[in-house]
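Me: I am new to this structure. Can you show me how to read its features, one at a time?

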Amino acid sequence: MNTMSSPSPVLASVDLAAILREARVTEALEQLDGELVGLVPVKTRLREIAAFLAVEKARSALGMASGAPSLHMSFTGNPGTGKTTVAMRIAEILHRLGFVRKGHLIAVTRDDLVGQYIGHTAPKTKEVLKRAMGGVLFIDEAYYLYRPENERDYGQEAIEILLQVMENQRDDLVVILAGYKERMDTFFRSNPGFSSRIAHHIDFPDYSSTELSSIAGGMLERMQYRLDPAAAIAFDEYIERRQRLPHFANARSIRNALDRARLRQASRLVAIPGPVDARDLSTITEQDIRASRVFSEDNNGSD
Amino acid sequence: MMTNIGARLTQGQFSFLPDLTEVQITAQLNYALKQGWAIGIEYTDDPHPRNTYWDMYGNPMFDLKDPAGILKEINECRKTFPKHYVRVTAFDAARGWETPRMSYIVNRPKVEPGFQLVREEREGRSIRYTIRSYAADKPEGERY
């Protein structure tokens, strides 16, 4: 029963769906679904985290124990699998649920944290941490912080400061570490402090070729271009070939390929004598795609 | 100043009020950040009103979104200089302003003896007035 001593009126029940709806989290998740192709395991994890946070909120509304949950995450996956994009969306979701106060994303790499001489690292790292307060700190290729081959490397200092803040100011900022899977695993093995402070390890799978081709479709649509039917077939073939080549960076390679196709289309149009119409300007043809070096035999990994 | 109201230094904003709590400081910081001002932390043990330039504690803080980091710095400064005056300034870099827009004391010594009014007799029985801080008699670092 509600007694006089309770500090605030304790509710009897809480509507979880209402919490999510009010915070417009469902909306953010749906936006993520619509914007990002594939990534099913990532989306599932995000839904789980959002649900967990809503439950935490409900628990604290009912006056139950709800220690600030540890929200630090690690994103592992190959380049171009959408880690930064998802991090931005997470910042937004956390902000809407009230787990970070401002919801901005600060993306940094080793260079932003580690100094060049003795005594340079600590202020630099603290500066970045201060900027990230109230939001999400996204450390790309986090394993570069740790260089085991050089025991006097200043990265260690940055790691120590990071760990301290991750532990003591959990309600002030959320840290997301990102990078390739294998190297992150090595990094966590040699820095057990990190893996124990990170609650959510999310693995980003590579895109399948169908997913890549629908990503390409989305990109073209946003840039107001289109592939003619022959070009669409050629592009699917391009994706198949490109995937097998080294240095394949998923969505980023697709973007680069499209940019190159646009370049070729432009020079083709300029070479045409006489006027061009809107249709010509927005259409990428088969020859724009087929001219790629990926289709020549002696290619060793470029777009 | 010279009357030493409540034995408290009254410089900057809120100086006639009781000391600001952390919540109140956070609210003030939030306001400054929302205006896009750069926040600096300064300390001194020579609170003469004409001592405009206090020592900076760390660099001025630009491009912050949230006051948590600043509050941490303030508390570190308080810990380093528990018996100094510590103030927070918010600098407006906008063209035409280019000046501190806020300045308030967040840490002060326990006992503030105030200022003495010094009268100097000049030629022709004229008098020159000046003030000096009682605390400033002692060397730097040993005041208060």
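This is a predicted model: local features need pLDDT of at least 70, side-chain atom pairs count only at pLDDT 80 or more; totals for chains, interfaces and linings use all residues.

Me: Start with the whole chain. How many helices and strands does chain A have?

Reply: Chain A has 14 helices and seven strands. Its C-alpha atoms fill a box of roughly 85 × 55 × 30 Å along the principal axes. Of its 303 residues, 34% count as buried.

Me: What share of the contacts in chain A join residues at least 24 apart?

Reply: Take the contacts between residues at least 6 apart in sequence. In chain A, 78% of these join residues at least 24 apart.

Me: Now a helix. How far does H12 of chain A reach from its first C-alpha to its last?

Reply: Compare the span with the expected one. Helix H12(A) covers residues 250–271, which is 22 residues. The helix reaches 32 Å, close to the 32 Å expected at 1.5 Å a residue.

Me: Which residues of H12(A) are buried?

Reply: Count neighbours: a residue is buried if 20 or more other C-beta atoms lie within 10 Å of its own. In H12(A) the buried residues are Asn250(A), Ala251(A), Ser253(A), Ile254(A), Ala257(A), Leu258(A), Ala261(A) and Gln265(A). Seen down the helix axis, they fall within an arc of 150 degrees, so they line one face of H12(A). On the other side, Asp259(A), Leu263(A), Ala266(A), Ser267(A) and Val270(A) are exposed.

Me: What covers the buried residues of H12(A)?

Reply: The cover includes helices H10 (209–223) and H11 (229–244), strand S7 (283–284) and helix H14 (286–290) of chain A.

Me: Next, a helix pair. At what angle do H6 and H7 of chain A pack?

Reply: Look at angle, distance and hand. H6 (residues 121–132) and H7 (residues 155–168) of chain A pack at about 40 degrees, with axes 9 Å apart. Their crossing is right-handed. Residues that meet include Thr125(A) and Leu129(A) in H6(A), with Ile161(A) and Val165(A) in H7(A). By class, this contact has six nonpolar, two polar and two charged residues.

Me: Now one residue. Why is Glu141(A) partly exposed?

Reply: Count its neighbours again. Glu141(A) has 16 other C-beta atoms within 10 Å, so it is partly exposed. Glu141(A) lies in the loop between strand S3 (136–140) and H7 of chain A. Leaving aside neighbours within four places in sequence, Glu141(A) is in contact with Thr109(A) and Gly179(A).

Me: Last, how many residues does each chain give to the contact between chains A and B?

Reply: Chain B gives seven residues and chain A gives 11. The chain B side divides into three nonpolar, one polar and three charged.

Definitions and conventions
Residues are numbered from 1 along each chain as its sequence is written. Chains are lettered from A and ligands numbered from 1 in the order in which they are written. Two residues are in contact if their C-beta atoms, placed from the backbone, lie within 7 Å. Ala, Val, Leu, Ile, Met, Phe, Trp, Tyr, Cys and Pro count as nonpolar, Asp, Glu, Lys and Arg as charged, and the others, Gly among them, as polar. Helices (H or I, at least four residues) and strands (E, at least two) are DSSP runs, numbered from the N terminus. A residue is buried if 20 or more other C-beta atoms lie within 10 Å of its own, exposed if 12 or fewer, and partly exposed in between; C-beta atoms are placed from the backbone. The expected span of a helix is 1.5 Å times one less than its number of residues. The arc is that of the directions from the helix axis to the C-beta atoms. Axes are lines fitted to C-alpha atoms, for helices over the stretch in contact, and angles run from 0 to 180 degrees between N-to-C directions. A crossing is left-handed if the near helix is turned anticlockwise from the far one by less than a right angle, and right-handed if clockwise.
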